[in-house]
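Subject: Structure for your review

Dear colleague,

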Amino acid sequence: MRAGAADLTAYDLHADQISAWRNRSRRMRYGTYFMVAALIAWSVEAIVIGDTDWDRISWASMFKSARQFMDVDFSILGSLLTPAIETALMATLGTLLGLVLAVPVAWLGAANISPLGKFSYAFGRALMTMSRSVHELVWALIFVAAVGLGALAGVLAMGIRSIGFISKTVAEAIEDVNPGPVEAMRAVGANRFQVLLFGILPQVIPVFIGNVIFEWDVNIRRSTIMGLVGAGGLGLALHRQMSAYNYGGVATVLLVILLLIIAGEIASYLARRAVI
Amino acid sequence: MSAILEVRDLRVRYSAGKEVLKGINFTVRSDDFLAIIGPSGSGKSTLIRCVNRLVEPNAGEILFEGRDLLRLGESEMRAARRNIGMIFQEFNLIERLSVIDNVLTGRLGYTGTWRSLFRAYTRDDIRNAIRLLDRVGLIEHLDKRADQLSGGQRQRVGIARALIQDPKMLLVDEPTSSLDPKIAREVMGLIREIAREFGVPVLCNIHDVNLALEYCTRVIGLQDGIKRFDGAPAEIDKRVLADIYAMETL
């Protein structure tokens, strides 16, 4: 049985609209899938299939190369102790530098407390973006050029690279503080700095410390490769073993890096548990 | 008794354009425990925050000890705030600081920036904080972190923080809304005792009419930014309440 003409119009019109819209969006979706698939296929063709020397690769050659790394060269172990310590210290100093520099940047980049309003807010946010958008190795190259080879360049590179993450998370924590204590501090007649110190700082300190520990953990990883561009630490040893084609030695350095990172992981876990 | 606070034709308009206070006049005398009652959104909280300029009024005069607070510059206003203690609905304690450090923040207005950076309060201040914590019954919780206390205990910390300012007046914003009825009565009782003991007048926002009538010496009724009543608690009857709360029963 068919419904009356009056019933048809309103509902059916609506239903027709919806199904037409759905068909359209379905076509769009499949179209998008197809385009993404085509893009992936093209990328693989362009940069992997076309650009690789397939004749060089065989099961035998792959096995042979892998085999070379298996002969871990323990004779260089003693000479790695100093660079390993240097790497850990570089990460720590870099994090401390980043921590100190991140405080004013977070102050500028937190919309609710930025001293000169929108102007200083934009400036603070720009500093954060700049710090994070340049890779740590590129910062290291810049500082090697500026202060010469050695660990100082690595410390500066990681310090600058750390500002972005720490200050961004802290600035966002500042924007999210509970306004009650701020109001209370204003009401007792505290000045602006005292309001920051008592109304805001205690609320953001856990975020700050947590993120500094996290950044330190990341910086240990970063500092193991700083030497590749001449900024000291285990990366330099890695670079030397590679240049000498001493694959056993490369493997030894990689093992030491692994140990250092595990040690850093444990230390940051303990630090986090102690502080938070 | 003389007037300590005189508010004249106070007007507040928020940026959205709605006028929250439409010309309020009242005085607080130095022995008053003055309650402001009225429905939610009537402007009670805005009114009390205008007195210490946490909210900036658009027009009017706020004469505190004869001086118009609205004409003061930033540092003069900070100095004036030291004389006006405030107690908040949500207590507004610094959760991660100890109880005594919370009380001592009440001295920030008297403490230089460098000293406050190291929390180097004077010995007198520390002594005073201990005495006040004993007075509000929290002496054994002195070293605890503020977030470990119950609601009633936190409000007592808030009271001690306001008192250590050595205030000439107390602003009290809905002191009992976050508390259960029994604790609410204890807190109101404590505020009344302390007001008498320290000889400070109180201006108190409160939505619970029964508490207002029981603890206060004078009542102001606010409705939609206009003062509808100003008198003694004894004068308040059903008709007055119906007027203030614009109840549809009449």
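In chain B, strand 3 (residues 33-37) and strand 9 run parallel and are joined by 4 bridges; two strands count as paired if DSSP finds at least two bridges between them. Strands here are DSSP runs of E with at least two residues, numbered from the N terminus. Within this pair, B:Ile36 stands opposite B:Ile220 of strand 9.

This is a predicted model, in which local features need pLDDT of at least 70 and side-chain atom pairs count only at pLDDT 80 or more, while totals for chains, interfaces and linings use all residues. Residues are numbered from 1 along each chain as its sequence is written, and chains are lettered from A and ligands numbered from 1 in the order in which they are written.

Strand 9 (residues 218-223) of chain B is largely enclosed by the rest of the structure, because 5 of its 6 residues are buried (20 or more other C-beta atoms within 10 Å of the residue's own, with C-beta atoms placed from the backbone). Strand 9 of chain B is also joined by 5 bridges to strand 10 (residues 226-231), which runs antiparallel to it. There, B:Gln223 has B:Ile226 as its bridge partner. The hairpin of these two strands has 2 residues between them, and B:Asp224 takes a positive phi near 50°.

Separately, chain B holds an open sheet of 4 strands in the order 2-1-4-5, with antiparallel pairing. Strand 2 (19-29) and strand 5 (67-68) of chain B stand at its edges with a single partner strand each, so one side of each has no neighbour in the sheet. Strand 1 (residues 3-13) of chain B pairs with strand 2 over 8 bridges in the antiparallel sense, and B:Arg13 has B:Glu19 of strand 2 as its bridge partner.

Yours sincerely

Key: Buried ≥ 20, exposed ≤ 12 C-beta atoms within 10 Å, placed from the backbone.
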